[in-house]
Structure formats: structure tokens, C-alpha cells
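Biologist: I would like to learn how to read a model of this kind. Could we go through some of its features in turn?

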Amino acid sequence: MKKIFGLVGYPLGHSLSPVMHNAAFRTLGIDAEYKLFPLKDDVELRHFFSALKENNIYGVNVTVPHKQKVLNLNFPIGLSHEAQLIGAVNVAIREDSILKGYNVDGLGFIKHLKEELNFNPKDKLASLIGSGGGASAVVTQLALEGAKSILIYDIDSKKSLELVKRLNNNFPKLDVKAVNSIVELNSKSRDLLINATPIGLKEADPCLIEEELINPRSLVYDLIYNPKETKFLKTAKQAGAKTSNGLGMLLYQGVLSFELFSGKKAPVDVMKEALERAL
């Protein structure tokens, strides 16, 4: 019987994950299918996870708004080190009577930095806009990789302070602070500037930063991958900085997810080509 995998979240209309994973399953001759499971609320989420076995579902990726909610389901879940530190799960795999929870968002981000952008975060200075789930995964992984300093700005200061508190608890030697404005991110002197907000998804969205605030020797990264080049990235490019959208992060978290799902080495080139075609 065909094994079922998929993506849990809401809304999911924009997702490219099925294209990427199904191309990989076909290439390796694995009898499996990756589907979308749009679940609106906690009730639907609980019902879905309680019926994994009867629906032949072996594993899922988890996206907004459920990454943290999976931790509060009423059955045993074993967490990876990254999932524990981040406080969220983006891969859940059924193993006998328990779930195994992983978070490979940050790992995918770092893999993209190192393997395609030739950027090693060790001892680097980073600034980040946003403090949601994606931001938490990225900064936690930067901390694990030995980043020297991280400054975080969010319009909701309560969220950014909570993220800083968690990082301080887990990484007491890390220099991490929440700041009150984008200017205070000191991005002119930083090695890495990241947008981890949804601002830039819509054409009408404002640009998050002025050109004169950008370090031309830095890497400027936007977790958004569609559109390919946000106003944030256009401005950074005009300032002379190296830029990247989030397609590589999507690809590599997909690669790591696929390897957890299948136990086989992912066909990275096939998955990348499928993503680029779909875009």
C-alpha cells in the first residue's frame, strides 16, 4: 500500500512542497505520495494526528499556524534537540505508538548559507527582522553554529523579548538583544541581515529598510521566495550587498524532511529543478 506523507497547516494553496517531494519519490522509485492537509483549527489538528495510522500517513511537515500546537497534542512525542530549543516542530513522523518531532527549518537555512552562498555564520554579527516561527528557527540555528551576536527587531516587542529570553536561557554566552527599531539593528556594521516577516509577499508592501542602512559587504537574506526579489532584496542589491531569497531554505528543509521520511539520500538536483519549474 502506498505510503502517505504531506503538509499540515492553513492555508496551503501556495505550497510547493508536493511538487518537490513527489518528484523525489518518483525518481527513487518509492511507492509514496505527498499531499496537502489543510487543517484550520486545534480540533481538526487533534483528529488528524489521532488517525494517522488508519489513514496510512507515515509523516508530515507542519507549517503555520500549527508548528507549536503539535507539542500540545495529547499523546507522546519525542523531540529532536533543535525542536526542543526552538519550541516548534516542522516534521512529525509516526513511529509505532509515538510521534517523533523535528525542526529542520533552521538546518535548511544553514545548509543553504554554507553550501550555496559560501557563508559560515561562526563568529558573525547578524540582524533579524521578525520573531515568529521562521525567525526562531533561524536564530536558534545561528546560535548553534556559533554566531557572535544577534540583534532582533519585531513590531510586536513582546514577541521579540520572548525570543531573546529563550535564546539567553539556551545560549548564555551569546550576545543577543531585542531592539526598538530597524535603525537600531545596526545593519551597516553587520555581516548578515535577514527578513523573517511576511512583509514583501504583496506588491503593495513597503520596503523594510533604507538603502543607506545596508552594509554593502553583507549577505542580505529574505525568507520569502515568491516573489523572487522583494523590495527588501532590491534595495540591498542597490546598496551593493549579496542577496538571496528563501527558495534555498525551502529546498534544503525539504531535502532534510525527505531523508527523515524515506531513510534515503534525497535527489537534491531533482527537487531543486521541480521547485524552480513550479515557480
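Predicted model: local features only at pLDDT ≥ 70, side-chain atom pairs only at ≥ 80, totals over all residues.

Biologist: Is D156 buried, partly exposed or exposed?

Modeller: Buried means under 20% relative accessible area and exposed means over 50%, with partly exposed in between. D156 has a relative accessible area of 34%, so it is partly exposed.

Biologist: What is the state of S218, and where does it lie?

Modeller: S218 is in the loop between β10 (192–195) and β11 (219–222). With a relative accessible area of 4%, S218 is buried. A polar atom of its side chain lies 2.7 Å from the backbone oxygen of N215. Setting aside neighbours within four places in sequence, S218 is in contact with R190, D191, L192, A241 and K242.

Biologist: Which side chain makes a polar contact with that of D105?

Modeller: A polar contact requires N or O atoms within 3.5 Å. The side chains of D105 and K67 are joined by one of 2.6 Å. D105 belongs to helix α4 (residues 105–115) and is buried, with a relative accessible area of 7%. Beyond residues up to four places away in sequence, D105 touches K67, N90, A137, M249 and Q253.

Biologist: How should I read α8 as a helix, and how many of its residues are buried?

Modeller: α8 has 16 residues and spans 22 Å from first C-alpha to last, close to the 22 Å expected at 1.5 Å a residue. Of those 16 residues, 13 are buried, so α8 is largely enclosed by the rest of the structure. After α8 comes G263, with a positive phi near 70°.

Biologist: What should I expect of phi and of peptide bonds in general?

Modeller: Most residues other than glycine have a negative phi, and most peptide bonds are trans.

Biologist: Which residues here have a positive phi although they are not glycine?

Modeller: Two cases can be given. D123 has a phi of about 65°; it is in the loop between α4 and β7 (125–129) and is exposed, with a relative accessible area of 51%. N186 has a phi of about 50°; it is in the loop between β9 (175–179) and β10 and is partly exposed, at 42%.

Biologist: And where are cis peptide bonds found?

Modeller: One joins Y10 and P11, with omega about -5°. P11 is in the loop between β1 (3–9) and α1 (17–28). Another runs from N226 to P227, with omega near 15°, and P227 is in the loop between β11 and α7 (231–238).

Methods: Residues numbered from 1 in each chain as written. Heavy atoms only, no water. Helix = DSSP H or I, 4+ residues; strand = E, 2+ residues; numbered from the N terminus. Expected span 1.5 Å × (residues − 1). Buried < 20%, exposed > 50% of the residue type's maximum accessible area, 1.4 Å probe, protein only. Polar contact = N/O pair within 3.5 Å; in protein donor to acceptor, adjacent residues only side chain to side chain. Contact = heavy atoms within 4.5 Å.
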